[in-house]
Each structure stands twice: as C-alpha cells, then as structure tokens.
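Please keep the view open and follow the points one by one.

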Amino acid sequence: MSDKKNYGFQTRCIHGHGHVSDGRWRTARPVSCPIVQTSTFAFESAEHGAAIFAGENDGFLYTRLGNPTQEALECRMAALEGGEAALALASGMAACTTAVLTLCGSGDHIVSGDTLYGGTHQLFTHTLPRLGIAVAEVDATDPANFERAITPATKLLYVETPANPTLVLTDLPAVAAIASRHGIPLLVDNTFCTPVLQRPLEMGADIVLHSATKYIGGHGDAIAGILVGSSEFITRARFETLRDIGGCISPFNAWLLIRGLKTLAVRVRQHGENAMTVAKWLQKHPKVTRVIYPGLPTHPQHELAKRQQAGFGGLISFLIAGGRDAGRTVMNSVELCTLAVSLGDVDTLIEHPATMTHSTYSEEDLLRVGIDPAMVRLSVGLEDPEDIIADLEQAFARI
Ligand code: LCS
C-alpha cells in the first residue's frame with residue numbers, strides 16, 4: 001500500500017507494511033518454513049477465485065481446506081510414509097473421524113482390532129453406531145479374525161499396531177493381503193512407531209493415521225493428526241469430509257510439527273534405546289511381575305516386531321506385585337516422570353490406562369483385551385535413562 005494515500009488511522013492500522021498488497025515479503029527467502037497464519041487468501045481476480053473454487057486452479061482459498069504451512073507438513077509426511085498425499089488435521093481423533101466418514105456411511109461396517117486408544121474405541125462403540133456405522137472389534141493377533149468378521153457391508157479394516165496400551169501387534173502384510181483380496185482399504189494407526197520404525201503402506205496398507213500429538217510433534221505442545229494415502233482418498237477426505245466436518249489444523253500447529261519432524265529419526269531412535277534400558281531394568285526388578293515391551297524376547301510377538309518394525313519404540317506397560325494399589329503408589333511417588341496421559345514426548349510420562357486413557361472400556365472389555373486393571377503405562381522420554389530408573393526405584397521403594 002502506498003503510504004501517500006490519505007487513509008485514516010484505522011485503515012492504516014490494517015493496511016500497513018506486510019499486507020498482501022505489499023510485494024516485499026514475497027521476495028524474502030526464510031530458511032525456516034514460514035507460518036502462514038492466515039485464515040483466507042487474496043485472489044488475483046474474481047475469475048482466479050472462481051477457478052480455484054471450481055478446482056481448475058490449485059491455489060489456496062481458505063485455511064480449512066489448505067494452507068502453505070499445512071501443505072509443507074503434508075508433503076513431508078507423505079514422503080516419509082511413502083504415500084501419494086497427506087492431510088493434516090486438528091487431532092488424531094479428527095483424522096480418525098475424517099477417514100471413517102470419507103469411507104463409510106449409514107449401513108456400512110468396519111472391522112477393527114479390539115485394542116485401541118480409548119478415544120478410538122469410544123468413537124467405534126458409541127458415536128459411529130449412532131450414525132448407523134457398525135464396528136466389529138476382533139482379536140488382532142490372528143489375521144484370520146479380520147477375514148471372518150468381514151460382511152458385504154464392510155468398507156474399512158482398521159488396525160493399531162503396536163496397540164495402545166497392551167503393545168499387541170498385528171501382522172500387517174497378512175491383514176493387508178486379506179484387505180486386498182476383499183477389495184477393502186486397510187487403515188493403520190502408526191502413532192506408536194512413526195515412519196521411522198514402521199511403514200505400513202510398504203506392507204500393503206492403504207491409509208496411515210497418526211496422532212501427530214505424539215512422536216511427530218514430540219515436545220508435548222500441539223494436538224494434531226495426519227492421514228496419508230492415495231491422492232484420490234486424500235482429495236476426497238479434504239474436499240468432501242474435512243470441508244464439511246471442519247477439523248482442520250492451525251498453521252502454527254502445522255509449523256510445530258514441521259519442526260518436530262526435523263529431529264524425528266534421532267528422537268525415535270533414542271526413545272527406543274532408553275525404553276530398552278528401562279524395560280530390561282524393570283524385568284529384573286523384584287516388585288515387577290510383568291513387563292510388556294516388543295523389544296524383549298519375552299513379548300509373545302517379539303519375532304513379528306523384529307520382522308515388521310525397524311525398532312521397538314518408547315512405550316512400555318508393566319504390572320507390579322501388589323496390583324492396582326501398588327501401581328497407584330508408584331504413580332503418586334514419581335518425581336522426574338510426569339503423571340499424565342499422552343505419549344511420545346521428550347518428557348517421560350506415566351499413566352494408568354484402566355482409569356485414564358482406556359476408561360472408555362467397560363471392566364469386562366478391559367479384561368477381554370488384556371488391559372489389566374493394575375497395568376501402568378510408561379512413555380519413556382529422552383532424559384538420561386539412569387535418572388528415569390532412579391526415579392522409578394525411589395517410587396517402587398514406597399510400595
Ligand atoms: N491413536 C492413538 C494410537 C492414540 O494413542 C491417540 C491418543 C489417538 C489416536 C488420538 O489422538 P489425539 O486426538 O489425542 O491427537 N492417545 C492418547 C493417549 O494414549 N493418552 O492421551 C491421548
């Protein structure tokens with residue numbers, strides 16, 4: 001804007017240097033991906049705007065449907081997972097809802113593994129049935145269970161591996177083969193592994209989902225979700241479902257995730273090393289009755305973990321002698337570890353699935369899927385592992 005125009009004070013507040021009409025910022029070459037914190041985008045002409053709306057021009061129009069910072073995140077995630085395209089969303093649950101509503105409507109059916117993040121389980125058993133979408137939850141350790149549960153109405157197979165919080169694995173190539181035989185898309189929630197450790201699309205899955213709140217962001221400061229899949233699926237998810245449901249990510253959160261991605265590989269590797277050290281220590285502790293970690297040979301699917309994952313991740317679940325009360329004492333006694341839900345942060349987080357993340361499961365379902373009421377879940381952070389162990393040791397001493 002020319003400063004010479006005789007605009008009033010309020011107009012000058014809005015139309016100063018840096019406005020879209022000021023060309024200078026377009027020639028700047030920032031090294032860090034800019035946060036394009038805008039809700040809307042200026043069209044060059046009425047014809048240009050109409051062409052974007054008609055899909056004849058791929059320019060940006062409105063941040064709910066796309067934004068350069070979101071797009072930078074999406075392109076990076078698609079490349080890391082080996083997919084054609086990606087869609088960033090407001091949360092992992094927004095990603096889940098968007099994927100399901102893109103593929104399913106009233107009268108349709110989903111076959112899912114029975115051990116899921118508690119929020120996903122609640123969506124599947126409470127909200128989707130209200131919309132006329134039925135979900136059969138099956139024991140995912142035997143791929144044949146997916147095939148047995150498929151009906152003519154099945155539109156989606158859904159898997160979380162390793163599953164939250166039991167760290168039960170699903171044989172991805174086996175379930176992908178069933179999905180392909182029946183012409184049904186397979187969605188894999190890859191939150192626990194990230195593409196550093198597991199790439200489901202390379203094993204035959206069709207869609208990958210992340211709660212990017214976890215390792216992708218990695219610092220415990222942003223809620224976000226990602227879908228990766230074919231261009232056709234992502235275009236439908238964006239322009240049919242997200243357009244209507246509205247769970248878009250903010251440009252600032254997209255930027256936080258882009259920053260997180262820069263250190264994803266080194267973080268995930270270190271989370272895994274620290275978790276292995278802590279898991280081995282837990283296994284030897286006289287007060288610990290069971291340690292569940294895919295990296296330990298005692299994990300019933302250790303061989304499968306070695307086959308389909310490039311590492312074992314940062315999550316450990318364990319049981320303590322003395323059951324629920326002893327677990328509560330440990331959670332109330334930690335000083336370095338933080339008693340909080342979420343996972344995948346640089347901070348070590350400890351929580352009680354039965355009363356927290358998985359309180360959406362009935363008592364009966366908790367037992368059926370192996371979430372022991374005394375189970376404690378640890379998301380091992382990037383502190384020095386000796387300090388995490390010392391903190392747990394002092395907490396165990398109070399039992
Ligand atoms: N998928 C998995 C495997 C998750 O663990 C979560 C959240 C979600 C999806 C949903 O993602 P959100 O909407 O929270 O970004 N898991 C949580 C947990 O274990 N503690 O708090 C949230």
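The points below cover the sheet, its helices, the cavities and the pockets.

1. A word on the basis: this is a predicted model, in which local features need pLDDT of at least 70, side-chain atom pairs count only at pLDDT 80 or more, and totals for chains, interfaces and linings use all residues. Residues are numbered from 1 along each chain as its sequence is written, and side-chain values use heavy atoms, leaving out hydrogens and water.

2. Start with the open sheet, whose seven strands follow the order β1-β7-β6-β5-β4-β2-β3 with mixed pairing. At its edges are β1 (85-89) and β3 (134-138), each pairing on one side only. From one strand to the next, the twist averages 20 degrees. Strands here are DSSP E runs of at least two residues, and helices are H or I runs of at least four, numbered from the N terminus; two strands pair if DSSP finds at least two bridges between them.

3. Two helices to look for pack on this sheet. Helix α4 (residues 68-81) touches β1, β6 (207-211) and β7 (225-229), and its direction makes about 125 degrees with that of β1. Helix α6 (residues 118-130) touches β2 (109-113), β3 and β4, at about 140 degrees to the direction of β3. Contact means heavy atoms within 4.5 Å; angles run from 0 to 180 degrees between N-to-C directions, with axes fitted to C-alpha atoms, for helices over the stretch in contact.

4. Now look inside: the largest cavity holds about 60 Å³ of space. Among the residues lining this cavity are Gly-113, Asp-114, Val-159 and Glu-160. On a 1 Å grid over the protein atoms alone, a cavity is a set of points where a 1.4 Å probe fits but cannot get out, while a pocket is an open set with protein on both sides within 12 Å along at least five of seven lines; lining residues have an atom within 4 Å of a point.

5. The second largest cavity has a volume of about 40 Å³. Its lining draws at least three residues from each of domain 1 (62-261) and domain 2 (264-396), with bounds from an automatic or database domain assignment.

6. Finally, the largest pocket has about 720 Å³ of space, and Val-20, Trp-25, Arg-26, Val-36 and Phe-41 lie nearest its centre among 21 lining residues. In the second largest pocket, of about 510 Å³, α10 (231-245) gives the most to the lining, with six residues. Volumes are the space filled by probe spheres set on the grid points, which are joined across faces, edges and corners.
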